[in-house]
Amino acid sequence: MKRCYFCKGEIVEKNINHMHSWGDKLIFFKQTPAEVCKQCGEVYLKPEVVKAFDRVTAHLEKFTQTIQVPVVPFSELAAI
Ligand SMILES: [Zn+2]
């Protein structure tokens with residue numbers, strides 16, 4: 001059984017939603033195969049998955065679905 005590099009917790013395979021930043025772009029990958037630590041939540045991506053991300057970033061025009069995300073400057077958190 002694989003163990004987490006950081007906390008030695010058990011690692012399980014599952015599909016996750018993963019935010020990947022690339023230059024000035026932020027891409028939301030849905031249902032991405034990954035290995036995740038059950039204890040601390042650390043995510044491990046296999047090299048072939050990261051390579052697939054790179055292919056997508058070169059063909060972003062094929063993917064038209066988008067989401068909106070709030071932008072929260074940390075300095076403004078004190079006001080709420
Ligand atoms: Zn861990």
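Predicted model: local features only at pLDDT ≥ 70, side-chain atom pairs only at ≥ 80, totals over all residues.

Numbering runs from 1 along each chain as its sequence is written.

On confidence: pLDDT is the predictor's own confidence in each residue, from 0 to 100. The chain averages 93, and 100% of the residues score at least 70.

Now the fold. We have one helix and three strands, in the order β-β-β-α along the sequence. Helices here are DSSP runs of H or I with at least four residues, strands are E runs of at least two, and both are numbered from the N terminus.

Burial next. Buried means 20 or more other C-beta atoms within 10 Å of the residue's own, exposed means 12 or fewer, and partly exposed is in between, with C-beta atoms placed from the backbone. Buried residues are 2% of the 80 in the chain. β1 is hardly covered, with one buried residue among its twelve.

On to the sheet. It's open, ordered β1-β2-β3, and the pairing is antiparallel. That leaves β1 (11–22) and β3 as edge strands, each pairing on one side only. To count as paired, two strands need at least two DSSP bridges between them. β1 and β2 have eleven bridges, and S21 stands opposite L26 in β2. Two residues sit between the strands in that hairpin, and G23 takes a positive phi near 60° there. β2 and β3, meanwhile, pair over two bridges.

The helix, α1, covers residues 47–57, lies across β1 and β2 and runs at about 165° to β2. For that angle, axes are lines fitted to C-alpha atoms, for helices over the stretch in contact, and angles go from 0 to 180 degrees between N-to-C directions.

Contacts, then: two residues are in contact if their C-beta atoms, placed from the backbone, lie within 7 Å. Looking at contacts between residues at least 6 apart in sequence, 48% join residues at least 24 apart.

Let's zoom in on E35, in strand β2. E35 stands opposite Y44 in β3. Beyond four places in sequence, E35 touches K2, I11, E13 and Y44. Its C-alpha is 9.0 Å from that of I16, 19 residues away along the chain.

Last one: E42, in the loop between β2 (25–37) and β3 (43–44). Which residues does E42 contact, leaving aside neighbours within four places? They are C4, F6 and C37. C4 is 38 residues from E42 in sequence, with 7.6 Å between the C-alphas. E42 is partly exposed too, because its C-beta neighbours inside 10 Å number 15.
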